[in-house]
Structures are given as structure tokens and as C-alpha cells.
Amino acid sequence: MGDVLAGIHATWEFDTDSLLIRFERGIRTPRLFQSLRERRIPYAALSSVTLTPGRRGTVVLHAVPRPGADPLLEAAAGQLKDSCDPYRLVLPAERETLAEYYADELRALLGPDAAKHADRFLVAAPEAPMNFKAYDGRAGFDGVRVSFRWSWTGASSAKWKAGDQTFPVADLSGVQWRSPEALEGYLRLVKRGTAGDADEGGPVHALGPDTAQGAPHPAVPHIPVDQDPAAVVFGLGYGPVHESLPFAAAVLESVRRTQSVPVAAAAPAPVGGVRRDPADIAERIRHLGELHQAGLVTDDEYSVKKAQLLAEL
């Protein structure tokens, strides 16, 4: 399409295969948008497009992502306010006709799998390294491991007794983020081997917040977050959404990528002479190269798998 649509707090640029969302930097722009800066959304990551009336003489163009396509929304687990939804573009009502045009153009670009749950992340996560300050400590992520360093003024005696913590992403199966804008917000890491995780045959995914009654997710140990060395607690002014949510998304994407390595390395080549989409093959080779560069796939595994992928063309 090659066009640009400027709205309130963001600008959408329509490329051949993706939508580039650039967020404004300003005092009225939500801090989450300022933190994200920009996001590239492949059209394959979208499930639908809507245009609805907004507040105070505006309309809202909403590119709805496919479930499972975006690590940021997977980590948020439905807790983001509409005003902080990065897929909503707010426009003045007088631009409704133009918005309808772009909504139709986007709908025409939706792929055949638009109604399906994505089997992998299609949108890039915020990049590490990153860190934020929680009420009871400081959380850091370098792309390979998560670290918690306890605060002497906020951490419980149980966390002090356990000492500062480091968690390689290879030892994790999920992330649980409860918004700091809700009561008793926190970020909790779920370690592999916990009932319900990937080691038990379940999917690797973000875990939603606890229920309203306070019962923990069944895949999470029944330990209060202020006592759990694998969790940090938010509070007034601590762990704000624009810092803790991108952090949770980056960890989740790294966990998903790490846990999928054996599948990527061992996937058999298709039989029967079936030809695959060259773009899909190129993307898989690129991903394989990233795994090889990160040391997660050996030289021999890389050569064999790359040859298999090229043979599918």
C-alpha cells in the first residue's frame, strides 16, 4: 500500500507485507506507547479489522491481532486498558471515510489463517537488556537470564533468606504478569517441571492473572508472591505498566524461542515432493540462523536442517 495514516498518539505506515506503527513522544501519549516507540506488525499476525465510534468526536481503527501472535498481548492477558492498546488508532471523526478506506484495505490483506490461533509469535518482542524497579527488589533481563535483586526495605524475610535470584530462560516455562494498576500486582516466573508446563506436555505460554477470588493459576505453585523468590511485587509507583509489561513480553518470547529449539532442529522434511512457500522457508532459515548464532544449534545441526529446508523449495 505504501501509505501513511496519522492519528492521535500514533502513525500507521502500510508496507507490502506489514504495518509499521510509530508512536508519538509527548506528554499526553500513554507511557507504554512511548516505551515501545514503534512496532512492525506482519499482516499475517492480524485476525480482523474494525472501525468504531470513539470518545469526544473520534473514531477508532482497530487492527485486531491473532491470539498467540504478539508476546506483548500474551503477557498482558487481557489486562490492558483500551487507551493503552497499541493496535488502536484514534482519529478525528471527520476522517472516518479515510479510516474506512484503510480498514477495507487491511481486511483485503488478511491471510488464510486469520481466524486461527498463531502457533508462534509473529510480532517481535521488546528487546533486552531491560530492567525495572519493583517494590521488593529490582528485576533485570539480559536476553538469556532473569535476575531479581532484593531491596532491604521491601523484600520479605523469605526472599532475603533465599538470596538474590537468577533464572536462565531455559529453566522457565511461562510468565505471569498482574498489572500494577490492579490490586496486588506482580510479575512471577514459572519454572519448568511445575505441573501444567511444557515438561508435562502443555504449551509454553503466558499465564493469566489470578482469579478474582485470589486462587492461583493451576500451573503456579501456591506460594504468596511476597514469599516467592521467583516473583517480584509491584506497588504504588513500582513496576509500572510501561516498564514491567515489555519486560514480561521479552522474557516470554525468549522462553518460547528457547523451548522450541528441539522442535526446530528435529523437524522432518516434507515427503511426496510438496513445495513450500519460499517466504516461509526463508523465514525458517533466518530463525535457524539466529539459533545457530546464539549457540543453541550446533554447526552440524544447522547444516543438515538448512539443507532440508532448501530441499523443500
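Is Asp 104 buried, partly exposed or exposed? Select Asp 104 and show its surface: the side chain belongs to a partly exposed residue, with a relative accessible area of 46%. That falls in the middle class because the cut-offs are under 20% for buried and over 50% for exposed. Keep in mind as you click around that this is a predicted model.

Asp 104 and Arg 107 form a salt bridge, with N and O 2.8 Å apart. Why can the two pair up along the helix? Both sit in helix H3 (residues 96–108), three residues apart, so about one helical turn separates them. Arg 107 is partly exposed as well, at 36% relative accessibility.

Next stop: Asp 113 and Lys 116. Their side chains also meet in a salt bridge, this one at 3.3 Å from N to O. Color Asp 113 by accessibility and you'll find it partly exposed, at 34%.

Zoom in on the link between Arg 22 and Glu 13, where the closest N and O atoms are 2.7 Å apart. Arg 22 itself is partly exposed, with a relative accessible area of 36%.

Time for some strands. Switch to cartoon and pick E13 (residues 186–191), where five of the six residues are buried. Which strands does E13 pair with? One is E12 (residues 172–178), antiparallel to E13 and held to it over six bridges. To see a facing pair there, select Leu 172 and look across to Lys 191 in E13. Another is E14 (residues 231–233), also antiparallel, with three bridges to E13. Here, select Tyr 186 and find its bridge partner, Val 233 in E14.

Rolling a probe the size of a water molecule over the atoms shows where empty space is left. The second largest pocket has a volume of about 460 Å³. To find its centre, select His 9, Arg 55, Ser 83, Arg 88 and Val 90, the closest to that point among the 15 lining residues. Then highlight strands E6 (58–65) and E7 (88–92), the elements that each give two or more residues to the lining.

Notes
Residues are numbered from 1 along each chain as its sequence is written. This is a predicted model: local features need pLDDT of at least 70, side-chain atom pairs count only at pLDDT 80 or more; totals for chains, interfaces and linings use all residues. Side-chain values use heavy atoms; hydrogens and water are left out. A salt bridge is a side-chain nitrogen of Lys or Arg within 4 Å of a carboxyl oxygen of Asp or Glu. Buried means under 20% relative accessible area, exposed over 50%, partly exposed in between (1.4 Å probe, protein chains only). Helices (H or I, at least four residues) and strands (E, at least two) are DSSP runs, numbered from the N terminus. Two strands pair if DSSP finds at least two bridges between them. On a 1 Å grid over the protein atoms alone, a cavity is a set of points where a 1.4 Å probe fits but cannot get out, and a pocket is an open set with protein on both sides within 12 Å along at least five of seven lines; lining residues have an atom within 4 Å of a point. Grid points are joined across faces, edges and corners, and a volume is the space filled by probe spheres set on the points.
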